[in-house]
Amino acid sequence: MSKTIKLEQKVQAKGHELAAELRELFRSKGIFVVNLIGSPGSGKTTLLQAIAPKVRGRAAVIEGDLATDVDKRRIEEAGLRAHQINTVGACHLDAMMVRDALETFSIEGIDLLFIENVGNLVCPASFELGEDIKVAVVSVTEGDDKPAKYPKAMRVASALIVTKADLLPHVRCDIDRMTRDAREQVPDMPVFVTSAEDGQGVDDLLAWILERARARA
Amino acid sequence: MHEMSFAEEVLDVVLREASAYPDARIGRVRVRVGALLAIEPASLRFSLEAISLDTPAEGAELEIIEEPLDGGAGDGALTIEEIELSE
Ligand SMILES: Nc1nc2c(ncn2[C@@H]2O[C@H](COP(=O)(O)OP(=O)(O)O)[C@@H](O)[C@H]2O)c(=O)[nH]1
Ligand SMILES: [Mg+2]
């Protein structure tokens with residue numbers, strides 16, 4: 001004999017409600033939030049340094065790393081206010097860490113907040129931080145198979161940002177392949193080919209982010 | 001590895017529901033997972049298997065339906081559809 005219990009019960013990821021509260025908070029303050037996901041060394045901080053002078057006074061950055069405040073200091077040197085979260089062991093940021101950060105880090109007077117997640121293309125894809133969009137950051141030096149190998153990161157991303165394009169002459173990297181694989185997960189996904197070294201693509205990327213922010217407001 | 005925290009929540013619910021039938025074992029659990037959760041089915045299955053040892057859910061089959069992104073509330077949710085008990 002067997003018996004079936006019909007349930008239809010939703011189970012939430014831990015932190016789901018908190019992320020919703022954060023989203024509400026950011027929205028009420030008119031802040032558009034971008035969560036950057038990419039492997040260690042993919043160029044997330046350098047990209048933010050390149051964006052920094054263009055958004056001085058209106059943007060701030062929350063940095064996530066296991067240890068050190070190196071990235072926070074780099075962002076401050078580039079002219080933006082920044083806060084460092086050290087996750088100690090955790091491979092990703094979660095909503096609780098962001099909420100705790102906001103207890104000491106003021107987000108008054110800004111309309112753009114970047115959150116650089118812990119370097120990792122896997123776990124951060126699963127955690128909502130109250131952001132408006134996630135963007136996936138992949139450098140040309142990591143190998144053009146990465147969008148195919150990390151489909152879930154692509155699926156939750158609103159754009160693929162290819163970094164270090166100035167190095168294209170030196171590495172074998174097929175941008176079309178990356179684009180195709182990313183769009184396999186999200187059709188029409190915008191792809192920005194950028195370099196913090198020579199500045200290519202950075203203005204286009206920022207314009208797209210600001211357009212998304214306007215569209216939300 | 002957030003599959004483990006989902007597995008814990010699923011096991012809680014399943015054991016609570018099944019506690020009304022003290023002689024029953026849990027044969028099968030069916031869940032739907034939203035695309036935004038980025039849950040790896042194999043990892044969810046492994047996590048549940050590991051934590052259900054020595055409970056009435058030990059050895060239960062976990063059926064996972066992966067739902068495509070549709071812009072609705074289901075995208076960010078894991079839904080336990082049904083639990084099948086066997087005597
Ligand atoms: N040539 C070149 N190197 C870059 C570029 N962006 C980052 N890098 C280098 O890549 C390394 C890692 O960058 P970083 O921004 O710290 O990566 P993160 O771990 O993703 O924050 C550093 O040595 C950077 O100088 C770029 O656009 N061009
Ligand atoms: Mg960094």
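This is a predicted model: local features need pLDDT of at least 70, side-chain atom pairs count only at pLDDT 80 or more; totals for chains, interfaces and linings use all residues.
Residues are numbered from 1 along each chain as its sequence is written, chains are lettered from A and ligands numbered from 1 in the order in which they are written, and side-chain values use heavy atoms, leaving out hydrogens and water.

**The strand pair**

Now widen the selection to strand E1 (residues 2–11) of chain A together with E3(B). They pair in the antiparallel sense over eight bridges; strands here are DSSP runs of E with at least two residues, and helices are runs of H or I with at least four, numbered from the N terminus. Two strands pair if DSSP finds at least two bridges between them.

Next, show the side chains of Lys6(A) and Glu82(B), which meet in a salt bridge at 2.4 Å, N to O. Lys6(A) lies in strand E1 of chain A and Glu82(B) in strand E3 of chain B, so this pair joins two chains. A salt bridge is a side-chain nitrogen of Lys or Arg within 4 Å of a carboxyl oxygen of Asp or Glu.

**The whole interface**

Select everything in chain B that touches chain A: 30 residues of chain B are in contact with 22 residues of chain A (heavy atoms within 4.5 Å). The area buried between the chains is about 2400 Å², with carbon and sulfur atoms giving 54%; buried area is the accessible area (1.4 Å probe) that two parts lose on being put together, summed over both.

Across this interface the rule finds three salt bridges. One to display is Lys152(A) with Glu40(B), at 3.6 Å, N to O. Which elements give two or more residues to chain B's side? Color helix H1 (3–18) and strand E3 (78–86) of chain B. E3(B) gives the most, with nine residues.

**Ligand 1**

Finally, move to ligand 1. It is surrounded by 16 residues, and the closest are Gly41(A), Lys44(A), Thr45(A), Thr46(A) and Asp166(A) (a heavy atom within 4 Å counts as near).

- Lys44(A): a polar side-chain atom lies 2.8 Å from an oxygen atom of ligand 1.
- Asp166(A): an N or O atom in the side chain is 2.7 Å from a nitrogen atom of ligand 1.
- Ala196(A): a backbone N or O atom lies 2.8 Å from an oxygen atom of ligand 1.

Key
A polar contact is a pair of N or O atoms within 3.5 Å; within protein, one must be able to donate a hydrogen and the other to accept it, and residues adjacent in sequence count only if both atoms are side-chain atoms.
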